[in-house]
Amino acid sequence: MSSEQDHLKDTDTEARFEFKKEENAAVRSDKGLTEEVIRMISEDKDEPDWMLERRLRALEQYQNMPMPSDWPGMPDLSGLDVEEIVPYIRPDVDKREGVDDWTELPDEIKDTFDKLGIPEAEKNALSGVGAQYESEVVYQNMQEQWEEKGVIFMNMDRAVQEHPELVKEHFMTTCVPPSDNKFAALHGAVWSGGSFVYVPEGVTVEMPVQAYFRMNSEGMGQFEHTLIIAEEGSEVHYIEGCSAPKYGTHNLHSGGVEVFVGEDAHVQYSTVQNWSKNTFNLNTKRAIVESGGTMEWVSGSMGSKATMLYPCSILKGRGATDTHITIAFAGEGQDIDTGAKVYHNAPETSSTIESKSISKDGGRTNYRGLVHIADGAENSSTAVECDALMFDNESTSDTMPYMEIEESKVDVAHEATVGKIGDEDIFYLQSRGLDDDDAKKMIVAGFIEPITEELPIEYAVELNRLIELEMEGSLG
């Protein structure tokens, strides 16, 4: 490995994320969303007829839905023209199903993931790793000890071919149907790549599995789909990283995530998204949690022009539990609209939402959340805490919590605080020998600590460093 790559991984987070590669595509679709484009994508993947039919139904739903425009305080999407987005770029690699040996990747793709530090992460503390470049997964590997226990970790395109019954049953049927919203329908029509994770009953995957999604080409869309099925009494932690370099035209990321948490199972889904400031980040993520199951969402969102991201959990069975821990950072020209949704549809269910947001240089953050407790979901509880930190008078931070309580025998708590970094705090730290910038960084690090302590150490360090770069205005 070159000394330049060592330097990038070890010391220069900014350079690690901002580099670009010349596009080298085996297949590139036309711009826009048409039936011809959908059929071309499906044919290029050699998909079964049932998946093509689902894509075409989703396309019809997308075309019949209006663009969201009436949400109070929603990000401005007027600059997004889906007809100018290239929805599918298949990178030029030898093996369509992806390889399980880094040395088999083309040099330009291997160099990309070397700079992002993915091979080292796999060696250190992961049960499995997947890496997606443009529209397809180019690398996938799972430790043999988990495969022997029946754990499946592969890209979604391969799962369609090798596990059709599981995919048919779970893919965009009850969890995230295309009818849910316009961008879910868009995703259902043009999805490509992503991860399929299946954990058998009673199996605990002791180390996390990770997928990394890199969008390299200008003007493209990335639409990966992640499907996680954790059977009764199983446990798994899935980590997702995302990034893209900055270009002069808009990119679109519209991923989909579906998680099925069986009885007494435990799933943690952690993501750090560092899209560039020309990217619209519009995702749909949802989990269905059975009796006694636990779902944890841990997410950090930054870098995009506009983000709309509200992971949702449906607590379907008695005693199901949900936790959301989120952080959002908005700098100049950014509108980061994030939050959480929880539906308590059974008795004795519980949820906790902890949201942290930081805004500077005129950026805007917003917590948008919904907690619904259905009639009959007695002895359920929810606690929502939203904290916002602003650097200046030009920045804004809003909180829009919605509570729909249809049951009287419940415990509901909500707390929200908004504040600016205090001069007295900075002065105190300066008196202890820190300069102004380091004092602010220390305050922010303490502010987001409840988030970072939930992440593996490599991701916590990366998140802190990314936020430091955003504070400096260094990232595109």
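**Close-up A. E240 and K285 are both buried.** Buried here means under 20% relative accessible area, with exposed over 50% and partly exposed in between (1.4 Å probe, protein chains only). Their side chains meet in a salt bridge, 3.4 Å from N to O; the term covers a side-chain nitrogen of Lys or Arg within 4 Å of a carboxyl oxygen of Asp or Glu. This pair ties together distant parts of the chain, 45 residues apart: E240 sits in strand β10 (residues 235-243) and K285 in strand β15 (residues 284-289). Strands (E, at least two residues) and helices (H or I, at least four) are DSSP runs, numbered from the N terminus.

A quick note on the model: it's a predicted one, where local features need pLDDT of at least 70 and side-chain atom pairs count only at pLDDT 80 or more, while totals for chains, interfaces and linings use all residues. Residues are numbered from 1 along each chain as its sequence is written, and side-chain values use heavy atoms, leaving out hydrogens and water.

**Close-up B. R55 pairs up with E47 in a salt bridge.** The closest N and O atoms are 2.8 Å apart. Both R55 and E47 are buried.

**Overall count.** The structure holds 16 salt bridges.
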